[in-house]
Amino acid sequence: LNSAHLCLPAILLLSVMCLGISCQPITDNQRLFSIAVSRVQHLHLLAQRLFSEFESSLQTEEQRQLNKIFLQDFCNSDYIISPIDKHETQRSSVLKLLSISYRLVESWEFPSRSLSGGSSPRNQISPKLSELKTGILLLIRANQDAPEIFTDTSTLQLATYELLACFKKDMHKVETYLTVAKCRLSPEANCTL
């Protein structure tokens, strides 16, 4: 989970490089990608912060127990087939990356409601996810011929820990996929992770 934090500077650099810093005008598609990447970066940072705050609020023994339990569980989005490494991500089509991103964000619509309440940042999650989902859907429509329909205290602490950890992981995936897809469509595409 900490590796996501280390990748963030590279992802931000890619995002800046992919803004098309050139003489060519930015297209609507590039603008939509910039907005989507910005929103998912915000959600990813929010997920990291909430996860860290929650983790630091636990006693050391509680944290060890949650880590042991969590390693045996799965995220609610694990059923979504996605690239297994950066090489497979690079080989995936823009539409595939958008589709996976859409499904990942969609998989968080219901669970994110249980993260709401309490702090103001937690209350931002559901509306931000909804905005991101709408943006990704617009990108999917802009990048395909026809619209596609997509189908496809201890207990409470564990549930919150799992949700925040999975949310953080999935927002990192969406951030990576959208950044790569956006960069691929840039006139000066040099997209490496």
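**Helices, pairs and bridges in a predicted model**

Both cysteine 75 and cysteine 166 are buried.

Student: What do cysteine 75 and cysteine 166 form, and how far apart are their sulfur atoms?
Tutor: Two cysteine sulfur atoms within 2.5 Å count as a disulfide. A search of the whole structure finds one disulfide. Cysteine 75 and cysteine 166 form a disulfide, and the distance between their sulfur atoms is 1.9 Å.

Student: Is the disulfide of cysteine 75 and cysteine 166 left-handed or right-handed?
Tutor: The handedness is read from the torsion about the S-S bond of cysteine 75 and cysteine 166, which is about -90°. With that torsion, the disulfide is left-handed.

Student: How many helices and how many strands does the protein chain have?
Tutor: Along the sequence, the protein chain follows the pattern α-α-α-α-α-α-α. The count for the protein chain is therefore seven helices and zero strands.

Student: What percentage of the residues in the protein chain is buried?
Tutor: A residue is buried when its relative accessible area is under 20%. The protein chain has 193 residues, and the buried share of them is 46%.

Student: What distance separates the end C-alpha atoms of helix H6, which should span 33 Å?
Tutor: Helix H6 covers residues 120–142, which is 23 residues. At 1.5 Å a residue, H6 should span 33 Å. The distance between its end C-alpha atoms agrees with this, at 34 Å.

Student: Where does H6 bend, and by about how much?
Tutor: A proline, proline 127, follows the bend within four residues. The bend in H6 is at serine 126, and its angle is about 30°.

Student: Which kind of pair do the rings of phenylalanine 51 and tyrosine 161 make?
Tutor: The structure holds two aromatic pairs. In this one, the ring centres of phenylalanine 51 and tyrosine 161 are 5.2 Å apart, with the planes at 50°. Planes under 30 degrees apart count as stacked and over 60 as edge-to-face, so the pair of phenylalanine 51 and tyrosine 161 is tilted.

Student: Are phenylalanine 51 and tyrosine 161 buried or exposed?
Tutor: Phenylalanine 51 has 3% relative accessibility, and tyrosine 161 has a relative accessible area of 2%. The cut-off for buried is under 20%, so phenylalanine 51 counts as buried and tyrosine 161 is also buried.

Student: Which kind of pair do the rings of tryptophan 108 and phenylalanine 167 make?
Tutor: Tryptophan 108 and phenylalanine 167 are both buried. Their ring centres are 5.2 Å apart and their planes are at 65°, so the pair is edge-to-face.

Student: Which helices hold glutamate 131 and arginine 39?
Tutor: The side chains of glutamate 131 and arginine 39 meet in a salt bridge, at 3.6 Å from N to O. The pair ties together parts that are 92 residues apart in sequence, because glutamate 131 lies in helix H6 and arginine 39 in helix H2.

Student: Is lysine 133 buried or exposed?
Tutor: Lysine 133 has a relative accessible area of 16%. Buried means under 20%, so lysine 133 is buried.

Key:
Residues numbered from 1 in each chain as written. Predicted model: local features only at pLDDT ≥ 70, side-chain atom pairs only at ≥ 80, totals over all residues. Heavy atoms only, no water. Phe/Tyr/Trp six-rings, centres within 6.5 Å; stacked < 30°, edge-to-face > 60°. Buried < 20%, exposed > 50% of the residue type's maximum accessible area, 1.4 Å probe, protein only. Helix = DSSP H or I, 4+ residues; strand = E, 2+ residues; numbered from the N terminus. Expected span 1.5 Å × (residues − 1). Bend = angle between axes of the 7 residues up to and from the residue. Salt bridge = Lys/Arg side-chain N within 4 Å of Asp/Glu carboxyl O.
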